[in-house]
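Here are my notes on the model, as numbered points. Please read them beside the coordinates.

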Amino acid sequence: MGNSANPRIVVGVDGSPASEQALRWAVDYARLTGGAVHAIAAWEYPAFYGWAGLTVPPAEGFNPEELAGRTLSETVRGVVGDDPGVKITEAVLPGNAARALLDAAEGASLVVVGSRGLGGFSGALLGSVSRHLTEHAPCPVVVVRDVKEPADG
């Protein structure tokens, strides 16, 4: 069976409401298509300082990779519970979100992202990630709006 028979759906998760919506959409889509969800969290030191509200290097023992992994696991569990009904794999990747998701998208059927992420620069940040993906991804991209975002018009 090739990729089309068992679609691999990559979804970016950062703990934001929009990424929860994206994960929910990806899981629903996987159920409909018999696909599997590959949930990705990305981390990098500079982004994490801003993300955690820190302007100074973090205390000894602060581990952004571990924090990203915990956020990913908690988000997946919070959105789908213990029995999602589809196969979900989780991966924590170093580097910026756009790069991590582009790498993960190789050979995938679909990439799903929320329309905006976390942090004071969130509008620019995940806006730029989703825009970068729509321009460069090797497969279709779905950008899921947070239900609380106002609709245009």
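1. Of the contacts in the protein between residues at least 6 apart in sequence, 76% join residues at least 24 apart. Contact here means heavy atoms within 4.5 Å.

2. This is a predicted model: local features need pLDDT of at least 70, side-chain atom pairs count only at pLDDT 80 or more, and totals for chains, interfaces and linings use all residues. Numbering starts from 1 along each chain as its sequence is written, and side-chain values use heavy atoms, with hydrogens and water left out.

3. The protein has 5 helices and 5 strands. Their order along the sequence is β-α-β-α-α-β-α-β-α-β. Both are DSSP runs, numbered from the N terminus: helices are H or I with at least four residues, strands are E with at least two.

4. Of the 153 residues, 40% are buried. The cut-offs are under 20% relative accessible area for buried, over 50% for exposed, and in between for partly exposed (1.4 Å probe, protein chains only). The protein exposes about 8,100 Å², and carbon and sulfur atoms supply 53% of that area. Areas come from the Shrake-Rupley method with a 1.4 Å probe.

5. Just after α1, Gly34 takes a positive phi of about 70°.

6. The buried residues of α1 include Ala18, Leu23, Ala26 and Val27. Among the elements covering the buried residues of α1 are β1 (8-12), β2 (36-43) and α3 (64-80).

7. Trp25 and Tyr29 have ring centres 5.3 Å apart and planes at 10°, so the pair is stacked. Pairing needs centres within 6.5 Å; planes under 30 degrees apart count as stacked, over 60 as edge-to-face, the rest as tilted. Both residues lie in α1, 4 residues apart, about one turn of the helix. Trp25 is partly exposed at 33% relative accessibility; Tyr29 is partly exposed at 29%.

8. The largest nonpolar core has 22 residues, of which Val11, Leu23, Val37 and Val112 touch the most other members. β1, α1, β2, α3, β4 and β5 each supply at least two residues of this core. A second, separate core of 16 residues includes Val10 and Leu133. A core is a set of buried Ala, Val, Leu, Ile, Met, Phe, Trp, Tyr and Cys residues joined through side-chain atoms within 4.5 Å.

Terms used. Rings of Phe, Tyr and Trp (its six-membered ring) pair if their centres lie within 6.5 Å; planes under 30 degrees apart count as stacked, over 60 as edge-to-face and the rest as tilted.
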